[in-house]
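Here is a short report on a set of protein chains. Look at the sequence and the structure first, then read on.

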Amino acid sequence: MSVARFDYYAPESIEDACRLLMEQGGGAVVMAGGTDILLKKRRGLLKAKAVIDLQKINGMHRISFEEEKGLTIGAMARLADVEVHPIIKDKYPAVADAARATANVQIRNMGTVAGNLCNAAPSADNAPVLIAMGAEVTLAGVKGQRQLPLDEFFKGPGLTAIGEGEILTSIHVPIAPEGSGVSYKHISPRGKVDISAVGVGVMLSMNGDVCEEAKIALGAVAPIPMRAIKAEKIIKGGRISADLLEKAGLEASQECAPITDVRATAEYRKKMVAVLTIRAIDEASSRASQK
Amino acid sequence: MKHIITMTVNGDPCSIAVDPWRTLNEVLREDLGLTGTKLGCGEGDCGACTVLVEGRSVSSCLTLAVAVDGKDITTIEGLALSGEELHPIQEAFIEKGAIQCGFCTSGMELSALNLLTKNPSPDEKEIRTAISGNLCRCTGYYNIVDAIGAAAEKMKKTNDNN
Amino acid sequence: METKTMNEFVTVGKNVSRTYVRDKATGAAIYTDDIKLPGMLHARMLRSPYAHARILNIDTSKARSLQGVKCVITSEDMPKIKFGNWRLFPDTQDEYALAVNKVRFIGDEVAAVAAVDRDTAEEALTLIEVEYEELQATFDIDQSMAEGAPILHDLYPDNNSIQRKVKHGDVEQAFAESDYVREDTFNVHAVSAAYMEPCSSVAQCEYDGKIILWTSTQTPYIVQCLLAATLGMRENDVRVIKPHVGGGFGGKMELRKWDICAAFMAKKTGKPVKFTLTREEELATGRRRHPMRIYSKIGFKKDGTLTGKDLKILLDGGAYNAMGPTATFLCGNYGLMLYRYPFYRFHGRHIYTNKPPASAIRGFGAPQSYFSTESQMNMAAEDLGIDPLDLRLKNAVREGDVIPELSKIGSCGFAECLEQVAKSSNFREKRKHPKKGRGVGIGCYSFVSGGVFNWFNTQYPFSAAEVRAFKMELFIF
């Protein structure tokens, strides 16, 4: 295995970072926490000639909330900080849950939500809830910046819609609708430290006990984190009941396309999608009713 | 081309030239002679390489040395040297029989420090979560969990006395 | 003489800290990879990508000319001396320091490089060109034993390197006289020791050609004796130092190839040489516990008394014997430990497969064997309508019993343990009235302390001090 050798840059502005990225002509990787990049390096899968570290760029670590606009998570905001942030825990509890569900303590102290999304593993723990909540990412390039809805971001295992010379600078999550609740449920062989075998993120907008809007996103059971559109249709407009939940769970498990790998078989994943969808809807509706 | 990085390691300033691709684990162990930090897997799975960067526990095997330029690093050697008065966490690990082969110990103690700095009164579940990124193949974890609970008590007493 | 009471003892009955624990708590304890010697070279192994192949040619020239590389070796450079733990049975010693003519599993060591740093050594591995002729490989016991199966070692054309038979009494008669007989086949998979500290060795050659080897091992004396033999040296000229070891669990009980290569390259270069394995190497190519196929037939009288056992075990040994002979021996022993078997027959066969060698891991032979024994006891208990704990009590070995071909039992608390366990867990009650979704089960285990039998010889006492008890008269001047 060839040893990875590369240059390292820590630019102090996003403009410098984008310029450097363009100059490297596709030979550079952008680094936030670095946990996925170092793993690739270890396994001889890092082909980059340069690493561009975002940590010195002002404001990249910021987590901010505005009443009208919603939540903004900077690209360098660590999973550990998202996990305990009081506003996120209060208004976006499942975003905190998803951050807590990612990897282990040490990785969360280094890794970022942005990095988890950009690595684009089908099992990315932070993707399902953010998709369910209609999140958007901001991509900055030499020509300016653009917004992209998260459910258009993933293109395949390890592949994203980030264009040449672009850097994801922040994730934006809109204000959760009145009377809504969110949940993230996941399962993995070791429970606390490993990559999820199945993840389900749900956002419900409730009017009394009628569900007005439902978003269900599944992780680790398709080439990309996916919306379970048919399952959403079953819940939408209906009254939350054990029967309805069971139907939705079953539909979600039929919509997904998991593979068998070291973490679980396809059959087990399908079963767990049904179980976790039910649990996530249950928790989301319960959180909605608490508001 | 090598980068010159300047860090504070266990309270001491340290300036060293490193190739950009070297990990913090390699630099600590090979260049700085701080072999108390171990390498168990190189993939951030086992926790044997845990050190504190700016007070937070991280996997040094997944950290580029150049990325900690200007930062505060604490390794196991920063808790106490064996001839000195031990840190309450180290005392507790010894008293509770939490050390067998010792290879996971540095990582475990630093993860414990990371926890107790943020949460001085953890319950058992919180302790187990705090060390969930540290594997031990010898003890079965019970004594380690006990030790961290005991360390929390010791540290509270010390703080009360101060 | 005055006898001391418990309260007066300083060590007995007291909670005493382990030695060295302070060093471990402070990170001061030195493990092999922590050792750094002046001029030390870092070494890496080149491993076979094929499960079974002939080595046609190895070209190390490009690796040698990489800047920073100080030594590249293959089996051609080294004395071709086989090694293995059972040196009283030289036919079982089937490993060379580096592959000779053939590789037999993915990961089999083919060449070694020593360079100024680890990255350079790693780079050098990619420059070694090996021409292989791939051979058909076998990956399980059945493939290895099939007609026309590829032969891994010429000495064993049927791929069966070790056999052990035990016969005690007439097993067929025992079954004929039984009220209940059952036959089961159990399959046990491989298990890695997964010690936290990967294997590591540092070798230094002294000015007079003597070797000092620091190595992460549980058995420094075995390493010393076998290393001396493979290098054609006198045992006294090889000094093996065991630093702190980060776990072994049986997986570090042998001379390993990097011990030999480190010593050899240290001699060749005049510089200390260090090998440390990566976790990938450990998991993919390291020792593991033997997978086994266990066929067991047991008989009982209707009151639960055991009449006999017929045990056939096939060990999936991997590509080399390693400590397979011991595992083969032990799984047969443990087939009849714990309980009184009036009749017993065992046939164990160690089969080569093109996989990493299985060896000693925590019990090596016992856990697998007991899995079969204990599962059968539970299943038989159910069929016989006898409480599984009581079935065990009925048949438990007791003080004074003789275990055929093994030993006499001098003292035994097994039955007492069973009674105590029954009482403190409320076992019988829980079994009679189980709660929904809950169960309670029992499994028992036994092992030997100390040596099993002599497979290793040395003319030196394996100790730093000997305690001889005899009367002595002291003259004080």
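Which residues does Glu26(B) touch, not counting residues up to four places away in sequence? Glu26(B) touches Asp31(B) and Arg118(C), where contact means heavy atoms within 4.5 Å.

## About the model

This is a predicted model: local features need pLDDT of at least 70, side-chain atom pairs count only at pLDDT 80 or more, and totals for chains, interfaces and linings use all residues. Residues are numbered from 1 along each chain as its sequence is written, chains are lettered from A and ligands numbered from 1 in the order in which they are written, and side-chain values use heavy atoms, with hydrogens and water left out.

Glu26(B) sits in helix H1 of chain B. Helices (H or I, at least four residues) and strands (E, at least two) are DSSP runs, numbered from the N terminus. Glu26(B) is buried, with a relative accessible area of 14%. Buried means under 20% relative accessible area, exposed over 50%, and partly exposed in between (1.4 Å probe, protein chains only).

In the contact between these chains, 35 residues of chain B meet 32 residues of chain C. Together the two chains bury about 2,500 Å², 49% of it on carbon and sulfur atoms. Buried area is the accessible area (1.4 Å probe) that two parts lose on being put together, summed over both. There are 4 salt bridges between chain B and chain C; each is a side-chain nitrogen of Lys or Arg within 4 Å of a carboxyl oxygen of Asp or Glu. Arg118(C) forms a salt bridge with Glu30(B), and the closest N and O atoms are 2.2 Å apart. On chain B, helices H1 (24-31), H2 (88-95) and H3 (105-118) each supply at least two residues of the side that touches chain C. That side has 15 nonpolar, 10 polar and 10 charged residues. Ala, Val, Leu, Ile, Met, Phe, Trp, Tyr, Cys and Pro count as nonpolar, Asp, Glu, Lys and Arg as charged, and the others, Gly among them, as polar.

## Where chain C meets chain A

Here 8 residues of chain C are in contact with 5 residues of chain A. The two chains bury about 550 Å² between them, 37% of it on carbon and sulfur atoms. Asp119(C), Glu122(C) and Glu123(C) supply 61% of the area that chain C buries against chain A, more than any other three residues.

Between chain C and chain A there are 2 salt bridges. In a salt bridge, the side chains of Glu123(C) and Arg5(A) meet at 2.9 Å, N to O. Helix H3 (118-125) and helix H8 (279-285) of chain C are the elements that give two or more residues to the side of chain C that touches chain A. H3(C) gives the most, with 4 residues. By class, this side of chain C has no nonpolar, 3 polar and 5 charged residues.

## A strand pair in chain C

Strand S12 (residues 238-241) of chain C has alternating side chains. Val238(C) and Val240(C) point to one face and are buried.

Strand S11 (residues 211-215) of chain C runs parallel to S12(C), joined by 4 bridges. Two strands pair if DSSP finds at least two bridges between them. Trp214(C) has Ile241(C) as its bridge partner in S12(C).

## A covered helix in chain A

Helix H5 (residues 93-101) of chain A is mostly covered, with 8 of its 9 residues buried. Among them are Pro93(A), Val95(A) and Asp97(A). H5(A) is followed by Ala103(A), whose phi is positive, near 50°.
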